[in-house]
Amino acid sequence: MKDSKNRTIDYMRISITDRCSLRCKYCMPYGVECVPRWDILSLEEIEAIAIAAAGLGIKKIKVTGGEPLARKDCCQLVRLLKSVPGIEKVTITTNGVQLGQYLDGLVEAGIDGINISLDTLDRELYRAITGRDALGDVMAALKRAAGLPIPVKINAVSIDFKEIAVRAGCPEASADWRSLTELAREYPVDVRFIEMMPIGYGKEFKTVNHEDLLKEMRETYPDMEEDESEHGFGPAVYYRVPGFLGSIGLISAIHGKFCASCNRVRLTSQGYLKSCLCYEDGVDLREILRGGETRPEGDCHYFWPAGRKPGDRELQRRLTEAMERAILMKPAAHCFENPGRITESHNMISIGG
Ligand code: SAM
Ligand code: SF4
């Protein structure tokens, strides 16, 4: 559907968990608490929301988290989402640590693309950023995924990793972005850099200005040209380097604001539909799905009531009406350049990056 600024909203990012196998310093450092399991949407609840979303014109879904593969039913969810009429593409963003284990399952479920978040190829620095010595697992999965006939993208955040390396006691670690871009020479994968947004722990890190990064990239790869071919449904600007198998992308939310063409809404793992990353505003879809049910004692999962259908007509009517409201309240633009006006206080781990 169109929002009040005449933008077509056809993309929904769904966070399916706030759990994660890593502890990235800018996202979920040690000490961040997870919500009780009962608060997280069940498969059927996510399916119900996806049906309503498709009715409103959502065609593309990104499964994210937390770490989506920390949820054992992730492949089942991908299969369910793929079966919703109107949903054309379902892709996933993962840290890649368990990807080797789930790759076949994701492909069988019909996944249309895989994004792997990877900030460095230096083992020590990887451990300093994420808290785990898991670079080998990620690289093994990446190489396998790159051989599949689906798009694979590498996402790296743009911050000064040298500082993290020094603080972690490995000042000799290589924090140079060029080792990442070189992956696109060797493998048919797009390598994208993402400006750090001042959300959650991201506020503690200064983003690299992509205008500066682009200048450095042009110096390193003088033959680099803008790549206007279709790469997906996001705001990245792509470049091709002759001889490379993949492209290089820049996602510049701060220094290349793309709000005027924003096409997305975000569903948190607890069922809150947000229309912009920067503001708290949104609608509580879990309240509609569970109608005031209270959390029982103990840490248990929520169970969808037997006999109820995700496509139930009255449920769909109420979800659709609420989602329409959220889309219509989508603001014209974020205000990351003016931190005092940011109202979102949740961490990226609970919103879904
Ligand atoms: N665990 C999965 C992963 O790492 O891909 C999915 C969730 S993670 C929150 C999604 C993406 O958001 C990752 O690429 C991560 O680097 C990025 N991210 C986290 N915090 C961010 C921030 N403040 N600004 C920009 N990107 C951020
Ligand atoms: Fe986990 Fe992804 Fe956040 Fe890292 S960026 S802590 S992998 S959710």
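By class, how many nonpolar, polar and charged residues does the shell around ligand 1 have?

Analyst: The shell around ligand 1 has seven nonpolar, nine polar and two charged residues. Here Ala, Val, Leu, Ile, Met, Phe, Trp, Tyr, Cys and Pro count as nonpolar, Asp, Glu, Lys and Arg as charged, and the others, Gly among them, as polar. This is a predicted model: local features need pLDDT of at least 70, side-chain atom pairs count only at pLDDT 80 or more, and totals for chains, interfaces and linings use all residues. Residues are numbered from 1 along each chain as written, chains are lettered from A and ligands numbered from 1 in the order written, and side-chain values use heavy atoms, without hydrogens and water.

In total, 18 residues surround ligand 1 (a heavy atom within 4 Å). The closest are Gly-66, Glu-67, Thr-93, Ser-117 and Met-197.

Now the polar contacts (pairs of N or O atoms within 3.5 Å). A nitrogen atom of ligand 1 sits 3.0 Å from a backbone N or O atom of Gly-66. For Met-197, a backbone N or O atom is 2.9 Å from a nitrogen atom of the ligand. Tyr-26 uses its side chain: an N or O atom there is 3.2 Å from an oxygen atom of ligand 1. The protein covers 94% of the 550 Å² of accessible area that ligand 1 has on its own (Shrake-Rupley method, 1.4 Å probe).

Gly-66 also belongs to the surroundings of ligand 2. Others there include Cys-20, Cys-24, Cys-27 and Asn-95. By class, the shell of ligand 2 has six nonpolar, two polar and no charged residues.

Definitions and conventions: A polar contact is a pair of N or O atoms within 3.5 Å; within protein, one must be able to donate a hydrogen and the other to accept it, and residues adjacent in sequence count only if both atoms are side-chain atoms.
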